[in-house]
Amino acid sequence: MSESAVKVGADAAAASAVDAKGGAAVKGGAVPLIELVNLKKYFVIKGAKQGSRHVHAVDDVSLSIRQGETLGLVGESGCGKTTLGRTALRLYEPTAGRILYRGEDITDAKMLPYRRKMQIIFQDPSASLDPRMTVGEIVGEAIDIHGLAESKAARRERISALLDRVGLNSEQANRYPHEFSGGQQQRIGIARALAVEPEFIVCDEPISALDVSIQSQIVNMLDDMQDQLGLTYLFIAHDISVVRYISDRIGVMYLGKLVELAESGEIHKNPLHPYTRTLFAAAPVPDPEKNRGRTRAVLEGDIPSPINPPPGCRFHTRCPNAEPRCSAAEPEFREYSPGHYAACHLL
Ligand SMILES: Nc1ncnc2c1ncn2[C@@H]1O[C@H](COP(=O)(O)OP(=O)(O)O)[C@@H](O)[C@H]1O
Ligand SMILES: [Mg+2]
């Protein structure tokens, strides 16, 4: 996906515009598929002595995802990636901000018609599949909710086509999730997401819980599906090396904030934010030779609590370059070169 900016799926190709400068196809045209505007999601923790407190899980994030692209979202565990993905789908109600889908404000809309368009693949496939339902029932449920099969035969056919598409077979429709391996369970989760013919899928660390040996199979399958079906992905990972090859653009989150956003190649060549740099330094490099000359910036200390985030730049407590102004004022998320945004006082 990131390899060629012009590689787009069938639907996306139809909607793509031509870049006057380069002549290359630009994904999605003028209106992004999904837009998050100043999105916030705070969780209330009740029962605290001083009254209720809030977890600032997603704190004022603005982001657009173009049709047909993969936007990779990375950051340490707990920084708000899952919350952002789920709030974008309104599986969590936003605390503040707006969500637009094809330019329509869906922040307060009835979601049933949009549920079909927007799906999620979960991090832990075994926990996301009902153990009492057969695979056929799991995949068929979404078909039923949205009335997508005219007859029992059409429904059966649709289920076996979906299982086929994810590399399972129709005889397996009568089996239960526990009879499958982790990788196969994730394939079932993907078939369930695909059942409603979505346009946008939040892939929430879909390979993190899987054996390393099968991770690339699942990523390649998601990549092929995107090309064939014109899908748009928000692809969440805690490890930047996972999203590197599949993302068109990469967003980096730290403690509820988006701190950097750029095209995948650009952010790898020229990471601006000190946090992004440390993420790259921590990522494994396949070739040990290349590791030798690299200065390994190591992050000191734990990620602070999102209940009382540090003032100013949230990263200042761990930043190797922090200055007094970093704790005094919040840095603006600014565009430093076309399409390359970062929030840091020192840039
Ligand atoms: N349902 C919830 N209730 C309260 N706090 C939550 C809930 N879900 C997530 N959080 C908190 O919000 C923060 C962000 O979590 P999450 O979005 O799961 O991060 P990530 O996916 O990046 O690991 C964490 O501090 C987490 O403990
Ligand atoms: Mg998560």
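**Note on the predicted model: core, sheets and ligand shell**

1. The largest nonpolar core of this predicted model has 79 residues, and those with the most contacts inside it are Ala191, Ile201, Cys203, Leu234, Phe235 and Val259. A nonpolar core here is a set of buried Ala, Val, Leu, Ile, Met, Phe, Trp, Tyr and Cys residues joined through C-beta atoms within 7 Å. A residue counts as buried if 20 or more other C-beta atoms lie within 10 Å of its own, as exposed if 12 or fewer do, and as partly exposed in between, with the C-beta atoms placed from the backbone. In soluble globular proteins, nonpolar side chains tend to be buried together.

2. Some conventions should be kept in mind while reading. Residues are numbered from 1 along each chain as its sequence is written, while chains are lettered from A and ligands numbered from 1 in the order in which they are written. Since the model is predicted, local features need pLDDT of at least 70 and side-chain atom pairs count only at pLDDT 80 or more, whereas totals for chains, interfaces and linings use all residues.

3. For the protein as a whole, the secondary structure comes to 13 helices and 14 strands, where helices (H or I, at least four residues) and strands (E, at least two) are DSSP runs numbered from the N terminus. Buried residues make up 40% of the 347 residues. Among contacts between residues at least 6 apart in sequence, 64% join residues at least 24 apart; two residues are in contact if their C-beta atoms, placed from the backbone, lie within 7 Å. Alanine 191, one of the core residues named above, is in contact with Val139, Leu162, Leu163, Arg165 and Val166, leaving aside its neighbours within four places in sequence.

4. An open sheet of 8 strands has mixed pairing and the order E8-E9-E10-E5-E11-E12-E14-E13, and two strands are said to pair if DSSP finds at least two bridges between them. Strand E8 (118-121) and strand E13 (333-337) stand at the edges with a single partner strand each, so one side of each is left without a neighbour in the sheet. On average, and with direction ignored, neighbouring strands of this sheet are turned by 20° against each other.

5. Within this sheet, strand E11 (residues 249-254) and strand E12 (residues 257-263) pair in the antiparallel sense over 6 bridges, and glutamate 263 in E12 is the bridge partner of arginine 249. Helix H11 (residues 274-282) packs on the sheet, where it touches strand E5 (70-74), E11 and E12, and its direction makes about 105° with that of E11. Helix H7 (residues 182-194) lies across E8 and strand E9 (200-204), running at about 175° to E8. For such angles, axes are lines fitted to C-alpha atoms, for helices over the stretch in contact, and the values run from 0 to 180 degrees between N-to-C directions.

6. An open sheet of 4 strands has antiparallel pairing and the order E4-E3-E6-E7. Its edges are E4 and strand E7 (104-105), each with a single partner strand, so one side of each is left without a neighbour in the sheet. Strand E3 (residues 34-45) is joined to E6 by 5 bridges, and the two run antiparallel; in E6, alanine 96 is the bridge partner of lysine 40. Strand E6 (residues 96-101) pairs with E7 over 2 bridges, with tyrosine 101 opposite glutamate 104 and leucine 100 opposite aspartate 105. The hairpin of E6 and E7 has 2 residues between the strands, and there arginine 102 takes a positive phi near 50°.

7. Aspartate 59 has its place in strand E4 and counts as buried because 24 other C-beta atoms lie within 10 Å. Not counting residues up to four places away in sequence, aspartate 59 touches Lys40, Gly256 and Lys257.

8. Ligand 1 is surrounded by Phe43, Val55, Ala57, Gly75, Ser77, Gly78, Cys79, Gly80, Lys81, Thr82, Thr83 and Pro306; a residue is near a molecule if its C-beta atom, placed from the backbone, lies within 6 Å of it. Strand E4 (53-65) and helix H2 (81-88) are the elements that give two or more residues to this shell, and H2 supplies the largest share, 3 residues. Helix H2 is mostly covered, with 7 of its 8 residues buried, and just after H2 arginine 90 takes a positive phi of about 60°.
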